[in-house]
Amino acid sequence: ADKGPNILNIESILMQFGGLKALNLVDISIKRGTVHGLIGPNGSGKSTMMNVLTGIYIPTAGDVKFENQSVVGKTSSEIALSGIARTFQNVQLFGEMTALENILVGLHHSFESNLFEVSLHLPRYLREESSARHRALGLLKFVGLESLANEEARNLPYGKQRMLEIARALALDPNLLLLDEPAAGLTAPDIKELLTVIRKIRDHGITIILIEHHMDVVMSVCDKISVLDFGEKIAEGVASEIQSNAKVIEAYLGG
Ligand code: ADP
Ligand code: MG
């Protein structure tokens with residue numbers, strides 16, 4: 001993979017829904033190894049951008065280059081396999097499956113064995129199954145959920161469910177992780193834990209794009225921040241620059 005300074009280049013993205021320009025010629029470059037914040041009032045286009053980056057929406061115009069390769073026109077699973085993982089704004093776990101099983105689902109793509117081998121429990125499948133369980137347990141430990149591995153996801157406290165989603169996204173072994181409002185609905189201690197996990201992920205060399213409403217979270221963990229308002233990028237910079245930016249203050253107070 002390319003090791004250039006930018007892992008992702010968002011180039012003049014236009015996303016139109018009928019007459020609405022949800023994203024209007026947005027340019028953002030994301031430096032490898034950083035936590036990049038994406039903020040803006042409700043309806044400013046943040047989740048739409050996530051959906052463009054992960055192939056759920058095909059932009060009306062513009063390009064997105066991940067490690068110098070265009071992702072526009074690729075399917076969501078092709079993009080995931082190429083190294084972009086995400087969590088969603090709303091929890092999307094398999095409630096009746098255990099925490100461990102939710103991770104195993106995320107790992108399943110990397111199995112080499114075919115369904116025939118799986119159904120006959122042939123040796124290669126069993127080997128892969130046991131190494132997958134090992135890896136899944138490692139991921140649960142990474143987010144502090146190892147003691148809850150066999151709990152059904154629906155029985156986990158909300159904050160733990162959000163952590164499980166992050167672990168499941170990491171199971172894809174991504175180079176870029178997109179987090180859509182991971183702190184929404186979390187208690188203060190949960191948020192502290194989340195910040196620790198985000199920093200640990202970055203320290204493993206994984207680049208993060210963080211959409212977040214909690215300004216203290218954004219300001220404390222992001223290396224750089226881009227601000228959207230009505231689908232346009234109105235500001236970009238480090239936390240102190242964003243906090244003192246007149247357009248940003250106006251967008252939040254005026255919205
Ligand atoms: P944010 O995540 O910043 O709150 P969104 O990206 O969800 O904002 O939405 C940006 C704008 O695009 C909103 O006006 C929203 O209603 C509109 N929008 C998003 N997705 C669609 C869609 N699939 N069809 C029509 N309008 C959409
Ligand atoms: Mg959103």
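Me: What makes strand 9 and strand 10 a hairpin?

Reply: Two residues lie between strand 9 and strand 10, and Phe230 in that turn has a positive phi of about 45°. Before we go on, this is a predicted model, where local features need pLDDT of at least 70, side-chain atom pairs count only at pLDDT 80 or more, and totals for chains, interfaces and linings use all residues. Residues are numbered from 1 along each chain as its sequence is written, while chains are lettered from A and ligands numbered from 1 in the order in which they are written.

Me: How do you know that strand 9 and strand 10 pair?

Reply: Pairing takes at least two DSSP bridges between two strands, and five join strand 9 to strand 10 (residues 232-237), running antiparallel. One example is Val227, whose bridge partner in strand 10 is Ala235. Strands themselves are DSSP runs (E, at least two residues), as helices are (H or I, at least four), numbered from the N terminus.

Me: Which sense, parallel or antiparallel, does strand 9 have with strand 3?

Reply: Parallel, with four bridges to strand 3 (residues 35-39). Leu38 has Ser226 of strand 9 as its bridge partner.

Me: What puts the buried residues of helix 3 on the same side?

Reply: Helix 3 (residues 99-107) has Ala99, Leu100, Asn102, Ile103, Gly106 and Leu107 buried. They cover an arc of only 160° around the axis, so they share one side of helix 3; the arc is that of the directions from the helix axis to the C-beta atoms.

Me: Why are strand 2 and strand 5 edge strands?

Reply: The open sheet has four strands in the order 2-1-4-5, with antiparallel pairing. Strand 2 (20-31) and strand 5 (69-70) each pair on one side only. Further in, five bridges join strand 1 (residues 6-17) to strand 4 (residues 61-66), and Glu11 stands opposite Asp63 in strand 4.

Me: Which element gives the largest share of the shell around ligand 1?

Reply: Helix 1 does, with three residues. Strand 2 and helix 1 are the elements that give two or more residues to that shell.

Notes: Buried ≥ 20, exposed ≤ 12 C-beta atoms within 10 Å, placed from the backbone.
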